[in-house]
Amino acid sequence: MKPLPLKEAFPGDHASATDAGVEARTGAEASEGAVADAGHWTPALSRSVMLRHDRVRGTDLLLMPERVVVLRGGAGAILRLCDGRREVAAIVAELAERFPGASVATEVPEFLGRMREEGWIR
């Protein structure tokens with residue numbers, strides 16, 4: 001299986017807004033916050049958000065009222081595991097097993113944090 005390209009997974013049209021929020025913290029602060037959050041957070045899609053696969057485009061989409069976000073890379077695989085029952089650590093462990101060699105331990109919590117900041121997961 002090929003590595004999970006998470007650096008490219010976040011939707012491009014929103015990356016600049018959320019990247020600014022992530023860049024405001026140092027890399028160590030962002031990692032510490034993600035790791036601390038990972039033990040107690042069971043992410044799930046927000047109530048107004050649906051994850052769908054578009055067969056025509058061959059990509060995953062987040063559908064929201066009056067908005068569609070095209071997901072890239074491994075974003076859909078990550079969000080499918082956000083069922084409100086698994087903690088972030090369990091999601092990371094499952095993705096690490098599926099995608100050996102990918103840096104999921106740091107990238108997945110950061111990605112989920114950015115999705116949470118957007119309000120797309122809770």
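Trainee: What does the secondary structure of the protein come to?

Mentor: This predicted model has five helices and three strands, where helices (H or I, at least four residues) and strands (E, at least two) are DSSP runs numbered from the N terminus. Along the sequence the pattern reads α-α-β-β-β-α-α-α.

Trainee: OK, and what does the pLDDT of the protein average?

Mentor: The average is 78, and 68% of the residues score at least 70; pLDDT is the predictor's confidence in each residue, from 0 to 100.

Trainee: Where does pLDDT stay under 50?

Mentor: Over residues 10-37. For that stretch the model has 29 contacts beyond four places in sequence, a contact being heavy atoms within 4.5 Å.

Trainee: Let's go to the sheet. What is the strand order?

Mentor: The order is 1-2-3 in an open sheet with antiparallel pairing; two strands pair if DSSP finds at least two bridges between them. Strand 1 and strand 3 are the edge strands, each with a single partner, so one side of each has no neighbour in the sheet. The twist averages 30° from one strand to the next, using axes that are lines fitted to C-alpha atoms (for helices over the stretch in contact) and angles that run from 0 to 180 degrees between N-to-C directions.

Trainee: How many bridges join strand 1 to strand 2?

Mentor: Five, with the strands running antiparallel. Strand 2 and strand 3 also pair in the antiparallel sense, over four bridges.

Trainee: Which residues are bridge partners there?

Mentor: Leu-62 is a handy one to select: the bridge partner of Leu-51 in strand 2 is Leu-62, and the bridge partner of Leu-62 in strand 3 is Val-69. Asp-54 stands opposite Thr-59 of strand 2.

Trainee: Is strand 2 mostly covered or mostly open?

Mentor: Mostly covered, as five of its six residues are buried. Buried means under 20% relative accessible area, exposed over 50%, and partly exposed in between (1.4 Å probe, protein chains only).

Trainee: What about the turns? Which residue between strand 1 and strand 2 has a positive phi?

Mentor: Gly-58, at about 70°, in a hairpin with four residues between the strands. The hairpin of strand 2 and strand 3 has two residues between the strands, and there Glu-66 takes a positive phi near 60°.

Trainee: Switching to the inside: how many residues are in the largest nonpolar core?

Mentor: It has 26 residues, and those with the most contacts inside it are Leu-62, Leu-79, Leu-95, Val-108 and Leu-112. A nonpolar core is a set of buried Ala, Val, Leu, Ile, Met, Phe, Trp, Tyr and Cys residues joined through side-chain atoms within 4.5 Å. Strand 2, helix 3 (75-80), helix 4 (88-98) and helix 5 (104-118) each supply at least two residues of this core, and helix 5 gives the largest share, five residues.

Trainee: What does Leu-79 touch?

Mentor: Not counting residues up to four places away in sequence, Leu-79 touches Leu-51, Leu-62, Leu-71, Phe-111, Leu-112, Met-115 and Ile-121.

Trainee: Last one: is Ser-46 buried or exposed?

Mentor: Buried, at 13% relative accessibility. Ser-46 is in the loop between helix 2 (27-38) and strand 1 (50-54). Leaving aside residues up to four places away in sequence, Ser-46 touches Gly-119, Trp-120, Ile-121 and Arg-122.

Notes:
Residues are numbered from 1 along each chain as its sequence is written. This is a predicted model: local features need pLDDT of at least 70, side-chain atom pairs count only at pLDDT 80 or more; totals for chains, interfaces and linings use all residues. Side-chain values use heavy atoms; hydrogens and water are left out.
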